[in-house]
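Open your viewer, switch to a cartoon view and follow the stops below.

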Amino acid sequence: MKAYNDSTKEITTLLDSTTQLDSMDVIMSKVNQKLASLQTQLGAVMQTQLDELSESLNTIRCIKESTTSIKTRFDEVRRNCSESLRSLGTNKEIDKLYVARRNVMSVVNQIKFMEELPDRISVMTKRIKEDYTCLKVIYDEWIGYYAWMWKVKEQIERISIQSTREQAEEIYSSSFAAITALGSVIDEKLWEHIYRCMELAHLDPAALVRALTIIEKNQHRKNRAAEMQRHGEKVAAWVLNDREWVEECKDHLLTAIHRRCEHAYNQAATMKDKLRIGMQLLADLENVRVELVPCFPPHYNILQFFITQYAVIANNNMQPYYDDPTLEPGEILVLVEWLDSFLEEVRGWGCEPVAVFVEAKERLMQKFESSCTSRMEIWFKRILERRDVPMESEEGHLVTAVPEDLFSLIKTQAELAAEHLKDKALCGAIRICTAPLHVYTEFYTALIQDESGDVSDRELSAIINNSNQLRELVEGLPDLVGSELNEEALVELNTLLSDTTKQLVDLNTLAAHALSDMIIGDVDSSHILDELCFNEDWLMQEEAEGVLIMTSTFQDYFNDLKVWIQSKFFFGMVVIDCLHNSVKRYFKSFEHSKTAFDEPITFGCRVKTDYDSLMSFFTSDAVANAMKFTDRRYRSGEHIAEILSPIRNLEIFFKQPPEAIVVNGEITGEGYSLLLSLVGGKLMENGIRVLMMARSDIDPVDKTIIINKFSMF
């Protein structure tokens, strides 16, 4: 159709003009020529296609013949298979035949493997004995044989026929023996690596790492098997029952450590030699830290393991010296110094303190304390029992050689401790050296408190000076040993010495009180106040004769004590005590008088004279200045007046008219306060009757009311 349309279109084009119509004959001639050419071409094409179609038919005929032949063959195969199936019976027989063939091949392969195994084992054994670096390579191959051995053993165990099982065991026995023998060689080489761990860590750390890799793999396999069993999975018994590799490794390490250390200690005969060996072992630990630690897995904590074991062995070898009762304090300190050095080094590595060494150090310090204290206490007592006579120094202070002698002993022990110890350990040793100071304080405390009163004012003054000097010497110990102390330890030592010397301050306080008691006792023994106060003659005196004699006695003592006692603090304490004692002694004399006075106002004026006399004495520059060194409050006359206020209140009481104290059987507020100030403290115990007796102008009934009211006092 397309050719027809194209032809029609072309003819229409040709007939489109008169020119084209005129050349119609020519055109028709050309068309005829083309038609003839086209017919010729079409004929050739058709002939070619007919030839090819003939060939295709021939090919199809051949294929049909081949297909028929193949069909014939398949029919024959099908027929043969049917005959085979009939002869075998069922398809299961074929499966059995295949399994049998496979088993036969397996047996053949096993026989071949067993024939080659001895040679392989022999080569591996020779190689590992000659070259320790091939341990892991040999092990990795051997573990395969080992697993095969256990698999075969499990198969043999499942054989129910006894004779067959014995025959199988006999067949495999030589192979099993070879594998086991190689395993023993590998074990020996493996643990040899562990025994030589320090040497290998220095010479060939890779070899040690390979050995530890074997141990870690075995332990991991065992742990994994145990975990699988917990989850109900089936695992090989030989894996599950394998040894604890890491623990066995530690046991072998322990054996190696003991062998190394004991060999070293066996060559030491004296304590000095053993300490030297201990320091060499400490150098070993430095090698462990630098070279061995990088080779071991972190969970071994190998540095702490070595430190602990070295310490235990060293401690066991030093134990006889710890328990030696004849050990001198200096030798004890040498041991403590060695322990401290070890502990300090370990602490610097970031490891935990070694418990056995910490305990040993504590025991040795207790031993040092016992030895040092017992000796020093004996020496202290010998010095104190000399009862040195106080001598005046160039400044007039009373002193003895006791503080210097005692401190010489303390200093000797402290210097000895500083040679071997430092920081907190040195602080502990100095605490021990200064502990015998209690012998000094107890000796003089007992002497002062002895009722026989054998201690003189000169001795008491010397005690104060000696204690003060001894305190200064002891508190100066940090200057002597300060170079061995860090800042923290220095602060601790200063605090410790301050606490230690507090007993010396307490002793001085006791001695100062004893001096003031001695002074007031001197006043009492002369009965000055009892004879010269609170009587008719006393009322007629214009001056406070009794008080003046008492203060003159005070002044005599003060003149001597001011020179004898070096410390202004404790001299001021004596003066302050005398101030308080004067008030007590004044009221004691008043209580003893038990006298009724018809002129209470005169009595009050006379008390005022005594008060003024005491006030004048204790506010004088010399006396007040002495007290202010002890207590700054005594610089003020107001505070001294407060101390003397009971005497002032006594004056006021007598100057008050009766109605100011009691009115119509009722005690006034002013009267109550005044009476309470006099009898409410310890100045006038049971003194209300004495007060009422002295006031003849108060009605007896009112006196009774007052006495009943204040009977509780």
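Start with helix 25 and helix 26, whose crossing is right-handed (the near helix is turned clockwise from the far one by less than a right angle; left-handed is the anticlockwise case). Before selecting anything, note that this is a predicted model, where local features need pLDDT of at least 70, side-chain atom pairs count only at pLDDT 80 or more, and totals for chains, interfaces and linings use all residues. Residues are numbered from 1 along each chain as its sequence is written, and side-chain values use heavy atoms, leaving out hydrogens and water.

Now select residues 568–593 for helix 25 and 600–618 for helix 26: their axes are 11 Å apart and they pack at about 165°. That makes the two helices roughly antiparallel (angles over 145 degrees). Show side chains at the contact (heavy atoms within 4.5 Å): helix 25 brings Val-575, Cys-578, Leu-579, Ser-582, Tyr-586 and Phe-590, while helix 26 brings Phe-603, Val-607, Asp-610, Leu-614 and Phe-618.

Next, select residues 135–157, helix 5, and 162–195, helix 6. Their axes come within 9 Å and cross at roughly 150°, so this pair is also roughly antiparallel. Here the crossing is left-handed.

Last stop: which helix holds Phe-342? Select residues 329–348, and you have helix 13, where Phe-342 lies. With 3% relative accessibility, Phe-342 counts as buried (under 20% relative accessible area, with a 1.4 Å probe and protein chains only). Leaving aside residues up to four places away in sequence, Phe-342 touches Leu-282, Leu-285, Ile-307, Ala-311, Val-354 and Phe-357.

How values were computed. Axes fitted to C-alpha atoms, helices over the stretch in contact; angles between N-to-C directions. Helix = DSSP H or I, 4+ residues; strand = E, 2+ residues; numbered from the N terminus. Parallel < 35°, antiparallel > 145°, perpendicular 65-115°, else oblique. Buried < 20%, exposed > 50% of the residue type's maximum accessible area, 1.4 Å probe, protein only.
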